[in-house]
Amino acid sequence: MLNPVFSTCSPTRNSGRDVYGGVAFILRPCSLYKKPPMPIYFSNPTPSFPRLTVSAAAIITDEREKSPAAPAFDFNAYMVEKANSVNKALEEAVPMTEPLIIHESMMYSLLAGGKRVRPILCIAACVLVGGEESTAMPAACAVEMIHTMSLMHDDLPCMDNDDFRRGKPTNHKVYNEDVAVLAGDALLALAFEYIASETKKRGIPPKRIVRVLGELAKCIGAEGLIAGQIVDICSEGMADVGLNHLEFIHLHKTAALLEASVVIGAILGGANDGKVAKLRKFARCIGLLFQVVDDILDVTKSSEELGKTAGKDLIADKTTYPKLLGIEKSRALAEKLNREAQEQLLEFDPQTASPLIALADYIAYRDN
């Protein structure tokens, strides 16, 4: 593993740009760690998405007042229905074959609860652009498998060293570290296999499936989730972590998989490039929003309320939005990101976009 202790962080321009477009920095190791400087890329400030003078909610409300009243969207019922569908598909996706212990470990974390936000985003994006829920379901299951893998690996003693996840003992506490690592690896492999084999049965063109696989791999690899994770590790204890640095971590570590969930749902639903771009911007906003809110909850809620260890970032001396901005400015940033996210949905039918609008609000105002 890379040594997380560095003595200086020197900015420099680099001809290469990271997947999100960023400024290159060099982390120079301290004298106790004799290796050449390691290039790390930090993003520009939060992407400057088109801003409107009124909120999406105001425009949608105004439009609805001019047309026959649309039925109210029942977000709770929608989430329960979609989560149940996803859970049923996940139960059927993992074969309980030999060696049983690895499959039991996979299922233990995969079915340990959770709100299924990522698979529901995938389904909602697919339906928004004219696709069917059944078309997106294999991909929805895949993103939940990958998300579960990332949590299992995050919880390991060599990473965040957590004892509880979703109110239950973490995987390595039940099955030991070696099995937890391998079960996470198995879920990652299964995710891609499941998309490739099951989506084909839905009659989706192979070219579209290949695009989805490439999008997902890019968002979770060394230019996505892994990039955010490694920079997060290397940044522990650093005194000069700024907002750009922090946004790089979370645009990659947290937002990347949310982005992939939305984008692959849109691709499978047959969206054109313009609509995919709009939904990508929406997903990046809610991805960063998710982390800002997570940081706020970490210092304002108890472990019992969160279902995981509270205050762990403070103990690990990690830079968070509340630490950098304070609670009130962090909440203001969350409001701004939610507003910008919803503005990306203005060109879509308001009723069909209701699940994504409600999901953005849910992420902004959740309690755990």
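1. Ground rules. Residues are numbered from 1 along each chain as its sequence is written, and side-chain values use heavy atoms, with hydrogens and water left out. As the model is predicted, local features need pLDDT of at least 70 and side-chain atom pairs count only at pLDDT 80 or more, while totals for chains, interfaces and linings use all residues.

2. Length of α2. Helices here are DSSP runs (H or I, at least four residues), numbered from the N terminus. Helix α2 takes in residues 75-93, and its 19 residues should span 27 Å at 1.5 Å a residue; the expected span is 1.5 Å times one less than the number of residues. The end C-alpha atoms are 26 Å apart, which agrees.

3. The buried side. F75, Y78, M79, K82, A83, V86, A89, L90 and A93 of α2 are buried (under 20% relative accessible area; exposed is over 50%, partly exposed in between, with a 1.4 Å probe and protein chains only). Looking down the axis, these buried residues fall within an arc of 130 degrees, so they line one face of the helix; the arc is taken from the directions from the helix axis to the C-beta atoms. An α-helix has 3.6 residues a turn, so residues three or four places apart point the same way.

4. The other side, and the cover. N76, V80, K88 and E92 are exposed, on the face turned away from the buried side of α2. What covers the buried residues includes α3 (100-110), α4 (117-128), α5 (133-154), α7 (177-200) and α17 (350-365), with contact meaning heavy atoms within 4.5 Å.

5. Aromatic pairs. There are three, counting Phe, Tyr and Trp rings (six-membered ring for Trp) with centres within 6.5 Å; planes under 30 degrees apart are stacked, over 60 edge-to-face, the rest tilted. F75 and Y362 have ring centres 5.7 Å apart and planes at 40 degrees, so this pair is tilted. F75 is in α2 and Y362 in α17, so the pair ties together parts 287 residues apart in sequence. For Y108 and Y175 the centres are 5.8 Å apart and the planes at 70 degrees, so that pair is edge-to-face. Y108 belongs to α3 and Y175 to α6 (residues 171-175), 67 residues apart.

6. Charges at F290. What sits over this ring? The charged end of R118 does, 5.2 Å from the centre, and R366 lies over the face of F290 at 4.0 Å. The rule wants NZ of Lys or CZ of Arg within 6 Å of the ring centre and within 35 degrees of the ring normal.

Definitions and conventions: Helices (H or I, at least four residues) and strands (E, at least two) are DSSP runs, numbered from the N terminus.
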